[in-house]
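Please read it alongside the sequence and the coordinates.

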Amino acid sequence: MSARRNETPRPRRRHKPSHAESRPSVPWEPFLRAIERLDRAVNDLRRRAPDFSAATPFPVWQQTVMLGVPAIFTAALILLDESGFILWSLTLALPFLLIAIVRLVAVWHVLKRQPKFRRAPVGDRRFDTRLPTFSVLIPVYQEVAVIPDLVAAMRWLDYPPDRLEILFITEEQDQPTRHALLRAGLARNMRILTVPAGQPRTKPRALNYALQDARGILVTVYDAEDVPDRDQLRRAADAFIEGGPRLACVQAQLAIYNANQSFLSRQFALEYAALFRGLLPALAYLKLPIPLGGTSNHFRRDLLLKCGGWDPFNVTEDADLGIRIARLGYDVTVIQSATLEEAPAFWRTWRGQRTRWIKGWIQTYLVHMRHPRKLWRDLGTWQFMGFQVMIGGMILSFLVHPWFYILLADAALTGGELMPANSLLRWVCGGHLAIGYGAAWLLTIVTALGSVRRLWSAVWLPIYWLAMSWAAYCAVVDLIFRPFHWEKTAHGAGARHRDILPKSGLP
């Protein structure tokens with residue numbers, strides 16, 4: 001016993017901590033993870049595919065062409081007199097004629113579809129557990145006024161809640177919008193996601209950041225003022241099931257709920273009707289690249305990631321992504337489901353929104369035309385020509401359109417002739433103008449049937465097109481001096497969402 005007391009006690013074996021236990025907790029780890037996610041959201045596309053990113057400087061040859069070609073044609077128009085006018089006319093006649101032909105095909109497609117149009121029933125609800133999971137991404141910035149109605153519209157969606165998550169994406173400095181969301185009473189499947197401060201502060205940057213947190217097989221994008229059809233997600237899921245593995249995106253149609261608020265909102269409604277009810281379905285029918293709308297587009301998440309997500313440096317990220325999807329060999333289709341949107345009703349808001357939109361289309365054209373031969377190989381001849389007509393031709397029409405009125409005014413003031421003396425060229429120019437204006441008017445009227453007030457508004461389309469041309473020239477200036485600036489569109493001046501949603505459908 002005494003010997004045992006005198007023994008030196010053995011030291012206790014200390015527990016060897018595991019790797020996870022031994023690593024000290026770092027209080028700023030969540031912050032570092034957010035910064036890493038933000039870096040991927042901003043820089044992933046330009047690191048992986050710099051030629052697809054608007055952040056990559058445009059090559060010298062593009063800059064030379066952008067400056068040189070307009071200068072050459074303007075000099076020819078001034079110095080060569082009638083010969084210069086003939087050169088201008090023949091050069092511009094072909095793209096404008098092709099745009100008119102696409103519009104006429106769209107008219108034919110609308111008239112062909114209308115007599116047998118029938119909304120297909122959605123899938124059997126007994127199999128809701130087999131529906132794909134959906135992540136809805138909604139970027140909101142300075143949108144306090146519309147938050148209660150936005151949450152109501154999202155609650156109204158008819159999709160199994162356990163297979164649907166809704167992410168409201170806010171900017172770090174936008175605390176009022178986050179407070180409004182918290183006060184709105186979010187459902188269990190709704191979350192608020194905050195994007196750290198950084199540049200460029202654009203919608204596609206926010207979407208890329210949120211995409212890394214989205215868990216759904218399918219991903220959709222809505223804007224803050226949107227009121228989608230209640231069954232739109234079900235119809236999109238059905239379209240993906242039927243569309244096969246190459247279908248990357250399903251575009252819903254957009255319509256305007258405050259069309260009668262002002263002259264600009266009525267014209268905007270006509271423009272959207274022609275685009276989403278006429279042109280985009282016709283492009284899908286013709287198997288041409290589809291420049292997506294900025295909202296109500298539904299994606300397969302895996303294919304969206306393969307395409308590189310959204311370009312945070314392109315201010316019309318939707319059109320750019322539609323072209324990139326086509327270049328990588330995937331498909332886009334349009335479904336018969338509508339989302340109601342608010343049109344900008346006042347000049348300042350409208351001009352800013354349209355300037356940003358056209359600036360993004362110019363970015364999209366320049367980005368994909370960096371290497372024309374590669375674009376041709378990616379798209380094939382048919383789709384390559386479609387890209388030239390629908391993107392390049394539209395931009396050209398915006399920029400050239402007001403010069404027709406300038407020449408018309410000059411001829412009226414000086415007593416000269418608007419058309420050249422050459423009889424053949426006179427018929428070419430006159431026929432081109434008649435077909436171009438006639439096709440645009442016809443498509444607008446056909447897609448806006450059902451509203452006499454809107455049909456009467458179509459008379460004023462030439463005035464609206466002049467305003468679009470003004471926005472196009474503002475876009476050129478904006479592209480030069482602040483290419484990545486995102487012009488924020490204010491919402492909440494139109495009708496309230498709860499005036500639109502059926503009373504029986506309100507949560």
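In this predicted model, helix H13, which covers residues 347–368, has 22 residues and reaches 31 Å from its first C-alpha to its last, close to the 32 Å expected at 1.5 Å a residue. Of the 22 residues of H13, 17 are buried, so the helix is largely enclosed by the rest of the structure.

**Overall make-up**
- The protein chain has 17 helices and eight strands, and 51% of its 507 residues count as buried.
- Among contacts between residues at least 6 apart in sequence, 81% join residues at least 24 apart.

**Packing of H10 and H17**
- Helix H10 (residues 263–285) packs against helix H17 (residues 461–481) at an angle of about 90 degrees, and their axes are 11 Å apart.
- Because angles of 65 to 115 degrees count as roughly perpendicular, this description applies to H10 and H17.
- On the H10 side, the contact is made by Phe263, Leu264, Gln267, Phe268, Leu270 and Glu271, which meet Leu461, Ile463, Tyr464 and Met468 in H17.
- The residues of this contact divide into eight nonpolar, one polar and one charged.

**Cysteines**
- A search of the whole structure finds zero disulfides.
- For Cys249, the closest cysteine sulfur is that of Cys307, at 9.7 Å, which is too far for a bond because a disulfide requires the two sulfur atoms to be within 2.5 Å.
- Cys249 counts as buried, with 0% relative accessibility, and Cys474 is also buried, with a relative accessible area of 19%, where the cut-off for buried is under 20%.

**Backbone geometry in loops**
- As background to the next points, most residues other than glycine have a negative phi, and most peptide bonds are trans.
- A cis peptide bond joins Gln199 and Pro200, with omega at about -5 degrees, and Pro200 has its place in the loop between strand S3 (190–195) and helix H8 (203–211).
- Gln142 has a phi near 55 degrees, a positive value in a residue other than glycine; Gln142 is found in the loop between strand S1 (134–139) and helix H6 (147–155), and at 51% relative accessibility it counts as exposed.
- Lys287, which is not a glycine, has a positive phi of about 60 degrees; Lys287 lies in the loop between H10 and strand S7 (297–300), and with 60% relative accessibility it counts as exposed.

Conventions. Residues are numbered from 1 along each chain as its sequence is written. This is a predicted model: local features need pLDDT of at least 70, side-chain atom pairs count only at pLDDT 80 or more; totals for chains, interfaces and linings use all residues. Side-chain values use heavy atoms; hydrogens and water are left out. Axes are lines fitted to C-alpha atoms, for helices over the stretch in contact, and angles run from 0 to 180 degrees between N-to-C directions. Helices (H or I, at least four residues) and strands (E, at least two) are DSSP runs, numbered from the N terminus. Angles under 35 degrees count as roughly parallel, over 145 as roughly antiparallel, 65 to 115 as roughly perpendicular and the rest as oblique. Contact means heavy atoms within 4.5 Å. Ala, Val, Leu, Ile, Met, Phe, Trp, Tyr, Cys and Pro count as nonpolar, Asp, Glu, Lys and Arg as charged, and the others, Gly among them, as polar. The expected span of a helix is 1.5 Å times one less than its number of residues. Buried means under 20% relative accessible area, exposed over 50%, partly exposed in between (1.4 Å probe, protein chains only).
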